[in-house]
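Thanks for asking me to look this model over.

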Amino acid sequence: MTKNGDYIDLNSFNDKRGTLISMEQGSEIPFEIKRVYFLTNLNSNPRGFHAHKNLKQVMICISGSCEILLDDGQNKLLRTLSSPSKGLYIDSYVWREMKNFKDNALIVVLASEIYDESDYIRDYNDFLDYGNDK
Ligand code: TYD
């Protein structure tokens, strides 16, 4: 079973024309994909600083690189994404901070739910309290 912070190997097809990378729900992606979004024009400002109550995501840095801190309230993991053929699985109830975007980082995010602001926990202390109340 895919766990929070796991890297996911995507399918990579290389030939003289270049590289094609694919992923499918139910094999590489461990949830039904309901939404896809991109992060582009990234700069020195970190992003994220929230957790989700239910949402699960796979993040792929298809160009450049970035770092992602994942914090489940007890353990912190620092992950680097620098390959278009590697995804990063982010479970629900995980605080994330994305930073150190390099070389025009372009990030694709696959999400298990449609956008829902009420699913966000944007305050770190609320995040810790939410975990204690669970
Ligand atoms: P936000 O979640 O704050 O970005 P980050 O995850 O990088 O911290 O989202 C930025 C804005 O985009 C915010 O106004 C909400 C909006 N948004 C959508 O409308 N749909 C989406 O799918 C997402 C991810 C964000």
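1. A word on the model before anything else. It is predicted, so to speak of local features we need pLDDT of at least 70, and side-chain atom pairs count only at pLDDT 80 or more, while totals for chains, interfaces and linings use all residues. Residues are numbered from 1 along each chain as its sequence is written, and side-chain values use heavy atoms, with hydrogens and water left out.

2. Which residues are around the ligand? They are Arg 35, Tyr 37, Arg 47, Gly 48, His 50, Tyr 115, Tyr 120 and Arg 122, where being near the ligand takes a heavy atom within 4 Å of it.

3. An N or O atom in the side chain of Arg 35 is 2.4 Å from a ligand oxygen. Tyr 120 places a polar side-chain atom 2.9 Å from an oxygen of the ligand, and a polar backbone atom of Gly 48 is 3.1 Å from a ligand oxygen. The protein buries 61% of the 530 Å² that the ligand exposes when taken alone (accessible areas by the Shrake-Rupley method with a 1.4 Å probe; for residues, only the protein chains shown count as cover).

4. Strands E4 (35-39) and E5 (47-52) are the elements that give two or more residues to this shell; strands (E, at least two residues) are DSSP runs, numbered from the N terminus. The largest share, three residues, comes from E5.

5. Is His 50 buried or exposed? It counts as buried, because its relative accessibility is 11% and the cut-off for buried is under 20% relative accessible area (1.4 Å probe, protein chains only). Its side chain reaches the backbone oxygen of Gly 48 at 3.1 Å, and a polar contact of 3.2 Å joins it to the side chain of His 52. Beyond four places in sequence, His 50 is in contact (heavy atoms within 4.5 Å) with Val 94, Trp 95, Arg 96, Tyr 120, Ile 121 and Arg 122.

6. Leu 39, in strand E4, is also buried, at 11% relative accessibility. Leaving aside neighbours within four places in sequence, Leu 39 is in contact with Arg 47, Met 98, Ala 105, Leu 106 and Ile 107.

7. Ser 112 sits in the loop between strand E9 (95-111) and strand E10 (120-121). Although in a loop, Ser 112 is buried, with a relative accessible area of 6%. A polar atom of the Ser 112 side chain lies 2.9 Å from the backbone nitrogen of Lys 56. Among the residues that Ser 112 touches are Phe 31, Glu 32 and Asn 54.

8. Lastly, strands E2 (residues 11-15) and E3 (residues 18-22) pair in the antiparallel sense over five bridges, where pairing asks for at least two DSSP bridges. A hairpin of two residues joins E2 to E3, and Phe 13 stands opposite Leu 20 in E3.

Methods:
Helices (H or I, at least four residues) and strands (E, at least two) are DSSP runs, numbered from the N terminus. Buried means under 20% relative accessible area, exposed over 50%, partly exposed in between (1.4 Å probe, protein chains only). A polar contact is a pair of N or O atoms within 3.5 Å; within protein, one must be able to donate a hydrogen and the other to accept it, and residues adjacent in sequence count only if both atoms are side-chain atoms.
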